[in-house]
Amino acid sequence: MQYSLTFPSGTVKYILHLRFAEMKQFIEPEHSILLVDCKVAELYADSFKGYRTILVEADEHRKSWEQVENICEQLLSMGADRGTTLIGVGGGIVTDLTGFVASVYMRGVAFGFVPTTLLGMCDAAIGGKNGVNLGLQKNLLGIIRQPSFIFYDAAFLKTLSATEWSNGFAEVIKYACLFDIALFDELEKNSVEYYQNNDEALQLLIERCVDHKNNVVLADEQESGKRKLLNFGHTAGHAIETLYEMPHGFAVSVGMVIACKISEKETKLNAEVTDRVKKLLEQYGLPTSAEMETKKVMEVLAMDKKKNSEGISYILLKNIGEAEIKTLSPDQIRNGLETYSHAGSR
Ligand SMILES: NC(=O)c1ccc[n+]([C@@H]2O[C@H](COP(=O)([O-])OP(=O)(O)OC[C@H]3O[C@@H](n4cnc5c(N)ncnc54)[C@H](O)[C@@H]3O)[C@@H](O)[C@H]2O)c1
Ligand SMILES: [Zn+2]
């Protein structure tokens with residue numbers, strides 16, 4: 001399946017469910033350089049024969065300015081010019097880095113993505129946000145610019161670890177909580193194994209997530225309103241991810257439970273809904289609590305990008321499929337985190 005979507009910052013061609021070998025029809029290999037996740041390069045070595053490649057380590061600490069510089073130096077020595085297309089092949093770390101490098105190298109070159117993780121396919125590769133970290137602040141340096149294509153080959157997922165499958169499901173469950181009660185029901189009936197063993201169900205699931213994310217980004221690419229909803233679970237989640245070095249999806253999972261707990265107070269979310277969300281996250285191998293120090297989490301939150309003079313914009317649930325953006329004061333968040341710590345340690 002192929003289709004194009006036009007966003008204010010560019011048009012993206014979605015090429016879904018082809019084999020990676022077929023990508024050659026859509027690009028000019030001689031004018032392309034692939035930035036490939038080291039693990040993917042090793043696992044699928046034959047697939048990259050005939051391409052010029054730069055290997056990128058999927059290390060969150062190296063999703064950094066230094067790494068951007070390092071990749072730009074390699075591009076320069078390989079003779080990359082304004083006519084070169086950079087193609088990021090990997091999880092969110094590689095696609096974020098590729099989009100960022102492509103946006104600054106020679107004032108911007110074309111780029112495309114081949115996401116190879118579930119999280120990448122359902123979330124990170126979509127939407128045009130290309131960021132790198134600055135110290136403890138996740139994605140603080142960044143730009144919104146769309147890739148010219150995103151190429152999906154779900155066969156890459158066959159080699160994902162159990163942790164990475166669960167990691168991706170955190171974002172899938174996020175879409176279900178925010179927009180899609182039918183998806184929530186479907187996920188409740190199934191399991192990671194079901195999607196691992198049922199290619200068609202997996203492809204439909206990926207397409208559904210792509211649609212959810214694109215619907216939001218088409219309405220609000222610059223994140224002045226609706227796009228903020230996608231930060232459900234990410235406010236406390238990002239702080240926990242950075243402080244406790246948890247995989248992104250795992251931290252977001254804990255963050256979603258925290259947001260539900262805060263919602264019980266702020267939007268009168270029924271506690272039974274929180275329990276349902278928690279149960280679903282656990283069913284997909286995700287953590288729903290973490291040992292954490294409220295004070296430290298608050299310190300990181302104080303520097304959050306979503307902060308303004310009135311407080312921090314927080315995504316709360318009213319019900320499954322119904323979310324709301326609310327500005328919360330640090331005290332309201334602290335109370336929520338503290339209530340949560342009690343609930344979490346019970
Ligand atoms: N730009 C966005 O809108 C956006 C959205 C969500 C997340 N992100 C970013 O994405 C990153 C997380 O992405 P991720 O979860 O994909 O992590 P990742 O890129 O770290 O990949 C996870 C692990 O899977 C390995 N891997 C990748 N593909 C594989 C394959 N096919 N088989 C086996 N192993 C494979 C990697 O080597 C790595 O060890 C974070 O940096 C996060 O900030 C960005
Ligand atoms: Zn995320």
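Predicted model: local features only at pLDDT ≥ 70, side-chain atom pairs only at ≥ 80, totals over all residues.
Residues are numbered from 1 along each chain as its sequence is written, and chains are lettered from A and ligands numbered from 1 in the order in which they are written.

The contact between them takes 24 residues from domain 1 and 28 residues from domain 2, where two residues are in contact if their C-beta atoms, placed from the backbone, lie within 7 Å. On the domain 1 side, β1 (2–7), α4 and β8 each supply at least two residues, and α4 gives the largest share, five residues. Helices and strands here are DSSP runs, H or I of at least four residues for helices and E of at least two for strands, numbered from the N terminus. What is the make-up of that side of domain 1 by class? There are 15 nonpolar, seven polar and two charged residues. For the classes, Ala, Val, Leu, Ile, Met, Phe, Trp, Tyr, Cys and Pro count as nonpolar, Asp, Glu, Lys and Arg as charged, and the others, Gly among them, as polar.

Now, the ligand. Ligand 1 has 29 residues around it, and Lys 39, Gly 91, Gly 92, Ile 93 and Thr 117 come nearest; a residue is near a molecule if its C-beta atom, placed from the backbone, lies within 6 Å of it. The elements giving two or more residues to this shell are α1 (38–43), α3 (92–104), α4 (118–124), β8 and α5 (162–179). Domain 1 and domain 2 each contribute at least three residues to the shell. By class, the shell has nine nonpolar, 11 polar and nine charged residues.

Let me zoom out for a moment. The protein has 13 helices and 12 strands, and its C-alpha trace spans about 55 × 45 × 35 Å along the principal axes. A compact globule of 346 residues would have a radius of gyration near 20 Å, and the protein agrees with its 20 Å; that radius is taken over C-alpha atoms, and the globule rule is 2.2 Å times the number of residues to the power 0.38. Of the 346 residues, 43% count as buried, meaning 20 or more other C-beta atoms within 10 Å of the residue's own, against 12 or fewer for exposed and in between for partly exposed, with C-beta atoms placed from the backbone.

One helix I'd like to show you is α10, residues 248–266. Its 19 residues reach 26 Å from first C-alpha to last, close to the 27 Å expected at 1.5 Å a residue, that is, 1.5 Å times one less than the number of residues. Of those 19 residues, 16 are buried, so α10 is largely enclosed by the rest of the structure. Lys 268 follows α10 and has a positive phi, near 60°.

That brings me to backbone angles. Most residues other than glycine have a negative phi. Glu 245, in the loop between α9 (234–244) and α10, has a positive phi near 50°. Is Glu 245 buried or exposed? With 10 C-beta neighbours inside 10 Å, Glu 245 counts as exposed. Asn 139, in strand β8 (residues 137–144), also has a positive phi, near 50°. Asn 139 is partly exposed, with 16 other C-beta atoms within 10 Å.

Key. Domains from an automatic or database assignment.
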